[in-house]
Structures are given as structure tokens and as C-alpha cells.
Amino acid sequence: MPGYYYYYDPYYILVIVGLLISLLASARVKGTFRKYDEVRSRTGLTGAEAAKRLLQSQGIYDVSVQRVSGSLTDHYDPRSKVLRLSDSTYNSTSVAAIGVAAHECGHALQHEENYMPLTLRSALVPVANFGSHFSMLLIIAGLFLGQVLVEAGILLFCAVVLFQVVTLPVEFNASGRALRLLGDNGILYEEEVGMTRKVLRAAALTYVASVLVSVMQLVRLILLYGGRGRRD
């Protein structure tokens with residue numbers, strides 16, 4: 001009875017819990033950033049200026065700093081060696097903006113040093129992207145065409161979870177580097193570094209939440225569909 005397994009989901013509570021975790025983490029990071037975005041840094045540097053100084057302090061001159069539209073869309077692109085700062089970071093002189101910019105500099109340093117978790121995460125990107133797009137399609141198709149497709153879909157989703165797990169040490173390490181660099185280079189004063197630490201910790205919670213949500217979804221898929229072939 002394929003339809004039964006498709007429409008009846010006794011484990012949907014895991015989806016609801018995951019959604020709540022994601023919403024709480026997102027609200028926390030936005031609230032924390034908004035709070036410390038009101039605190040101007042005593043050095044008066046913008047996020048972009050701070051990023052350039054931090055990169056140069058580490059002998060990195062081939063990474064450009066560019067502006068990208070959006071809010072908190074900051075990221076480092078290792079393929080083109082470009083550090084992209086969002087509208088809320090690029091020209092802002094707040095301790096929150098400088099902290100975010102420094103975090104992205106941490107990723108550039110990881111790339112420069114061939115930091116193993118970052119290398120592993122980059123290698124997982126293609127399969128994780130494929131899994132995020134096609135795992136559920138395979139699972140749904142497998143409900144009607146055979147258990148092999150269901151198991152293939154679950155396996156693909158495992159790659160998505162693995163990618164997110166590997167992301168955790170990458171993000172934590174980048175934040176740790178950022179905080180050290182900000183203090184060592186006099187970009188922020190000690191109390192300002194403490195404020196920035198709160199911003200980066202809140203941001204880290206979003207990655208932890210993503211892992212928890214994905215793990216719960218994986219457990220749900222295994223419980224709901226993993227043993228379907230044996231129950232038929």
C-alpha cells in the first residue's frame with residue numbers, strides 16, 4: 001500500500017520541532033546582530049576596511065573585498081578568492097559588522113592554509129547540492145517504483161547531513177580566528193571583541209540548528225521509509 005506510507009506520517013512532529021529550532025536560531029542571530037549593529041566601533045573602521053586590514057596583516061593580498069546585495073549574505077568564495085560583504089556589513093562601522101567581516105576573513109585564512117575541514121566541505125559541495133535537490137524525489141519515486149530508490153534517496157540525504165556536520169568546525173574555527181585577529185590587530189577594543197563574540201556565537205547557533213534539523217529529518221526518513229520493503 002504505497003499510498004499509506006506516503007500520506008501517513010507519524011513522525012511529522014520531527015519536522016515541526018526542526019522548524020521551531022530553525023526559527024528560534026534565526027531570530028536569535030538577527031536580534032543579536034541588530035543589538036550590536038547599534039554600537040559603533042571606536043576605531044571607526046567599516047566592515048570592508050577592517051577586512052582589508054586583517055587580510056593584509058596575514059600577508060594575503062590576492063583576495064578582493066566586494067559588496068553583495070542583501071542582509072547577512074556575507075560569504076567567502078574560494079574559487080574566485082573574493083570576500084563578499086553584504087549591505088549591512090560593507091560600509092557599517094558597527095562592532096557587529098566588523099565581526100561578521102572578520103569571520104569571513106577567517107575563511108580566507110583557512111583557504112590560504114588548506115585547512116582540512118574546509119577542503120573536505122568544498123569536496124562535499126557537489127554531492128550535497130545534488131542530494132538536497134534530488135533525495136526527496138528519489139524517495140517519493142521509490143514509494144511507487146521500488147525500495148532501492150527509497151534507500152538511494154536516503155543515502156543522498158546522508159550526504160547533505162554530512163556536509164552540514166563538517167560545516168560546524170569550519171564555522172567555529174573561522175570565528176575563533178576572527179576574534180583573535182580583531183584583538184591582535186587593534187581593530188576592536190577588548191570590550192568590543194566581547195560584543196562581537198556574542199554576535200558570532202549567535203550566528204554559530206544557526207549552523208548547529210541546521211545540523212539538528214537535518215539529523216531529525218534523516219531519522220524521520222529512516223523511520224518512515226527505511227524499513228518499508230520489509231513491511232510490504
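Let's start with the aromatic rings: in this predicted model, the count of aromatic pairs comes to one. Where do Phe130 and Phe134 lie along helix H6 relative to each other? They are four residues apart, which means that about one helical turn separates them.

Now follow helix H6 itself, which covers residues 116–145, and look for helix H7, residues 147–184. Two packed helices are described by the angle between their axes and the distance between the axes. Here the axes come within 6 Å and cross at roughly 150°. Because angles over 145 degrees count as roughly antiparallel, that is the term for H6 and H7. Their crossing is left-handed. Which kinds of residues make up this contact? They divide into 26 nonpolar, seven polar and two charged.

Finally, move to Thr93, which you will find in the loop between helix H4 (87–90) and helix H5 (95–112). Leaving aside residues up to four places away in sequence, Thr93 touches Val39, Arg40, Ser41, Gly44, Leu45, Thr46 and Ile98. With one of these neighbours, Arg40, there is also a polar contact between the two side chains, at 3.5 Å.

Note on methods
Residues are numbered from 1 along each chain as its sequence is written. This is a predicted model: local features need pLDDT of at least 70, side-chain atom pairs count only at pLDDT 80 or more; totals for chains, interfaces and linings use all residues. Side-chain values use heavy atoms; hydrogens and water are left out. Axes are lines fitted to C-alpha atoms, for helices over the stretch in contact, and angles run from 0 to 180 degrees between N-to-C directions. Helices (H or I, at least four residues) and strands (E, at least two) are DSSP runs, numbered from the N terminus. Angles under 35 degrees count as roughly parallel, over 145 as roughly antiparallel, 65 to 115 as roughly perpendicular and the rest as oblique. A crossing is left-handed if the near helix is turned anticlockwise from the far one by less than a right angle, and right-handed if clockwise. Ala, Val, Leu, Ile, Met, Phe, Trp, Tyr, Cys and Pro count as nonpolar, Asp, Glu, Lys and Arg as charged, and the others, Gly among them, as polar. A polar contact is a pair of N or O atoms within 3.5 Å; within protein, one must be able to donate a hydrogen and the other to accept it, and residues adjacent in sequence count only if both atoms are side-chain atoms. Contact means heavy atoms within 4.5 Å. Rings of Phe, Tyr and Trp (its six-membered ring) pair if their centres lie within 6.5 Å; planes under 30 degrees apart count as stacked, over 60 as edge-to-face and the rest as tilted.
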